[in-house]
Amino acid sequence: MQGTVTDAKGPLPGVNVRVKNTSIGTVTDVNGKYALNDIDGGATLVFTFVGYNSQEVPINNREVVDVKLAESQKALNEVVVVGYGTQKRIDLTGSVGSVNEKQLQERPAINLEEELAGKIAGVNVSTNSGAPGGETKIRIRGYTSINTSTDPLYVVDGVVWREGGASINPNDVASIDVLKDASSTAIYGTLGANGVILITTKRGNTKKGGSVNYDAYGSIGLMAKELKVLDAKQFLAVEDQSYANIKKYDPVGWAAGKYAVDDPKVIRTALIGKLFDANLNPLYNTDWQKATTRTAFSQNHNLSFTDGTETLNYGLFLNYGDDEGIILNSYQKRYNARLTMDDQIKPWLKVGATLNYDYRETRTADDGTGGNNIPRMLIEMPSIFPITYPDGSYAKRTDYPNMEGGDNPVAQANEIVSLHYNRVFNGTGYLNINFFPGFDFRTTIGVVTSSNTEPHSQTGLVGGSTANQSYSSASINQYNNTDWQWSNYFTYNKKFNKVHSLNVVLGTERQNFSQLKSYGSTQDLSDNYYGYYNLGSGSIPGIPSSNYDAFQMQSFFGRVNYAYNDKYLLTVTGREDGSSRFGSKSKYGFFPSAAIAWRISQEDFMKDNKTVSDLKLRLSYGLVGNSELGEYQSQANINTNNYPFGGAQSIGTNLTSIGNNDLQWEKTTEYDLGLSFGLFNNRINVDADAYLKRTQKLLLNAPLPETSGFTSVYENIGKIQNKGIELTINSVNIKSENFSWNSSFNISFLSNKILNLGASNDDIFLSPTFLSQFNLMRVGLPAGTFWGYKVLGTWGTAEAAQAATYGLLPGDLKIWDKNGDGKITAADKTVLGKSIPDGYGTFLNTFRYKNFDFAVELQFDYGNQIMNLTRHSGQDRTGQANSYATVLNAWTPTNQNTSIAEDRPAYVRYQTEIYSTKVENGSFIRGKNVTLGYNFANSTVSKLKLSRLRVYLQAQNLFIITKYTGYDPETSTYNGSSNFTQGIQFYDYPKPRTYLLGVNASF
């Protein structure tokens, strides 16, 4: 038998044709024709093709069976969430990226932000720490501000969510829609400058008998990479060499016997039996990275119950997660419960509500960036120390003379308790009235409250900066947030004369936020038993503090969508926001946008095209704002100070900042040109966007003359630009009855530049300022440019005379004399790199064979540099702490071709600054996710009284290809310092390699 398969445009090649309930099948040729032999005349043929409705056709003893397939309306009518409503994807005029429930389940994570990573072009998700609940940074289309927030806005079920993505259970999410261009985000006005992440959560259903779903996984996490440091013998050899070199770098002091007490042999002799044997060999050789890390066992369980009737649905969603960190005693535990209800009370009236409670308990191990914390001690604790001595006491660095203060990291993991309790409760309710077909009114009110408690304590067994010093302390930091929002809007939908479609949204909104903080501390606890449970047990109480912040917004918004004949699309949006954060002269701002789109594929001249199945061109412009500068910046602020007066402690009040009554919004204008097209009956789908964003009237903390009595004031000055290209390609490479291969590739190119920094365009340096100011903002350069000295190598013995002109010796670092004035000063600093990548993206391939599925996801990032500040103390010095093994390549008379200075004690000569040797290539390719799954057959599932059963194995962070020498190039340890700290690293929490075993079951 034979036949031809067509659609509305003609023959369809590549259609899968199989005999139902058999393995017999074929595919249509380029002319849509197929042929099958020896087929039972009573059999049924099944025709399937991507983007079309499948058909089952009985043969009925025919020799010719022709079939016409219809395009799947599900694909054509895919609905995405936009601000205050939904739209069909084919009707979008703006740039919106989406992730559905199935995609989210493919890579389970305890953190929603991590699940979003790599799934949408233009959305850069950086997982900057391997700690449970570690810092994740999301940037949508670059950086639009310097001093104000660049974080995107979260909106959950229509309500603004200020608690971040970490407070949302990923398994509760039905879909994520990301508004990227200003045309899409303008409906959110001053909140939309950094992009908007719209989250729609799962609801109940009307399935008869209801359903029960159970999704769970267990995992193990392993140290993905261990850094090479000096072992015990290497450490002692380097120390010996450093000591011997003193006579070169301080010959006068050496001759005078100044360093006799620092002779390592003298020191070690005094420690025979404790750290050394009679031959001065080390008794211990501890690998601190192994000693302080573990195989981490984690688990996550999600259980949901959904049911309903034709008019009522409800759901209960429960979650428990226990995420162990690979550093001892670090963890995050999570408990989440959510209850939903939707009721169509009358044909014209629908109401619904959601109650959600999320509780997270986190024990951290990386507080205090760059200080005496565990990540730093993993590297800098010398291997000559044991974890504990035979008497059970912990070893400290100060047990060996000339070492700087510091505890062994195992002691820190055991004796320092740093907890974060986060409790978030939110309730959302809505009422929808349908006055007549196409005209609705909706009111939504949402309240989000959070209680955050951060207790901290450490026993007297750790914390000393000098030998035998005991330091115990306890503190509690607490802050409570209350955020409520009330939205009211009308929606009108109407189609006229079958060719004109109109959608109008008009509404108003009120938001209010408040926060109350308090802090108490004490030192020198009378007994370690009390910890933070009794701050009164300390003999040195700290001064308590508290603070209150609040702001409110009033908004009016509207949007009009018009379509002619489903071919020509127009969107016009406007929002006016009033905020208490700004000066009395500028409380309100108006933010408009407009976008047009042309569905070229609907034109008559395209309808018979066999190659291009869908084609749409988009163009948009929009203006959005940014108000996230904190509270009361437009006003003069006062604070209290303690000072001695009359022999007693007194309290005084002083002015801490001056106000600016003209302070107003940052304003970001954006142009976007987009092209979407499908090829070969949508087997290949491409979305491409080019955009240009300019932010002006930056809210900058501008310097003031010292004669004013203040150092700075917030002003609207400066301009910054982001431009880029985004490309997403989804393809069905192979599609047959038993095997399929799908690919998804996205890449984003980004260029950032500062255009203006005020009237004089003075340089601005942002935090951090470790060693010196290096995080440079300069007109004409990208934001987050690294600024410092270029190292040309080391001075050789043949260059002794030239080195002497700089007051240096052979073996010292050779710094580029940029201006050639014969001395090294700040004028010789230069650009060393930048933190913002030129491009980033992912490549996902999914294979399915019968009931098996296999997916490989690669993540890549290129064109950025890492400021590896760990080289300051891990490589630039010896004799105070342990070092990276790279110091074995330090300068010697026989090893002069190196950029590592000759060994010498830091207390004799210490060359350290922001050098080019601290800047590394941050590009990488990561094996983000590899998954192998099996879906049990319906017959097996039915016998088990289930409706779905899938098991899977998964590996996350399986490998990484990079030139970066640290743990991981996707890193930042200064997240709270400023917006531009990505890629600035000073001892980070290592990322694990994780293996999961999971199950998805439905009843």
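**Cavities, rings and backbone of a predicted model**

N681 lies in the loop that joins β34 (666-679) to β35 (684-696) (strands are DSSP runs of E with at least two residues and helices are runs of H or I with at least four, both numbered from the N terminus). N681 has a positive phi of about 55° although it is not a glycine, and with 10% relative accessibility it counts as buried (under 20% relative accessible area is buried, over 50% exposed and in between partly exposed, with a 1.4 Å probe and protein chains only). This is a predicted model, in which local features need pLDDT of at least 70 and side-chain atom pairs count only at pLDDT 80 or more, while totals for chains, interfaces and linings use all residues. Residues are numbered from 1 along each chain as its sequence is written, and side-chain values use heavy atoms, with hydrogens and water left out.

**Backbone and sheet**

- D38 also has a positive phi of about 55° although it is not a glycine; D38 is placed in the loop between β5 (33-35) and β6 (44-48), and at 78% relative accessibility it counts as exposed.
- The peptide bond from S767 to P768 is cis, with omega near 0°, and P768 belongs to the loop between β40 (764-766) and β41 (775-777).
- Three strands make up an open sheet in the order β49-β48-β53, with mixed pairing (two strands pair if DSSP finds at least two bridges between them).
- Because β49 (919-921) and β53 (984-985) each have a single partner strand, they stand at the edges of this sheet, and one side of each is left without a neighbour in it.
- Between β48 (residues 865-868) and β49 the pairing is antiparallel and runs over three bridges, and I866 has E920 in β49 as its bridge partner.

- Searching the whole structure finds 14 cavities of 30 Å³ or more (on a 1 Å grid over the protein atoms alone, a cavity is a set of points where a 1.4 Å probe fits but cannot get out, and lining residues have an atom within 4 Å of a point).
- The largest cavity holds about 610 Å³ of space (a volume is the space filled by probe spheres set on the points, which are joined across faces, edges and corners).
- The largest cavity is lined by 34 residues, of which E114, D323, Q956, P992 and T994 are the closest to its centre.
- At least two residues of the lining of the largest cavity come from each of β18 (211-223), β19 (296-308), β20 (312-324), β50 (924-935) and β54 (992-1002).
- The lining of the largest cavity comprises eleven nonpolar, 14 polar and nine charged residues (Ala, Val, Leu, Ile, Met, Phe, Trp, Tyr, Cys and Pro count as nonpolar, Asp, Glu, Lys and Arg as charged, and the others, Gly among them, as polar).
- The second largest cavity holds about 220 Å³ of space, and of the 22 residues that line it, P108, E115, N171, D215 and N302 are the closest to its centre.
- Each of α2 (101-106), β18, β19 and β54 supplies at least two residues of the lining of the second largest cavity, a lining that by class has ten nonpolar, seven polar and five charged residues.

**Aromatic rings and charges**

- The count comes to 35 aromatic pairs (rings of Phe, Tyr and Trp, the last by its six-membered ring, pair if their centres lie within 6.5 Å; planes under 30 degrees apart count as stacked, over 60 as edge-to-face and the rest as tilted).
- F439 and Y492 form an edge-to-face pair, at 6.3 Å centre to centre and 65° between the planes, and this pair links distant parts of the chain, 53 residues apart, with F439 in β24 (residues 439-458) and Y492 in β25 (residues 473-496).
- F439 counts as partly exposed at 22% relative accessibility, and Y492 counts as partly exposed at 25%.
- The pair of Y934 and F936 is edge-to-face because the ring planes stand at 85°, with the centres 5.0 Å apart; Y934 counts as partly exposed at 25% relative accessibility, and F936 counts as partly exposed at 29%.
- One aromatic cluster is formed by F435, F436, F439, F441, F490 and Y492.
- The charged end of R442 sits over the ring of Y430, 4.0 Å from its centre (NZ of Lys or CZ of Arg must be within 6 Å of the ring centre and within 35 degrees of the ring normal).
- The charged end of K814 sits over the ring of W795, 4.9 Å from its centre.

Key
On a 1 Å grid over the protein atoms alone, a cavity is a set of points where a 1.4 Å probe fits but cannot get out, and a pocket is an open set with protein on both sides within 12 Å along at least five of seven lines; lining residues have an atom within 4 Å of a point.
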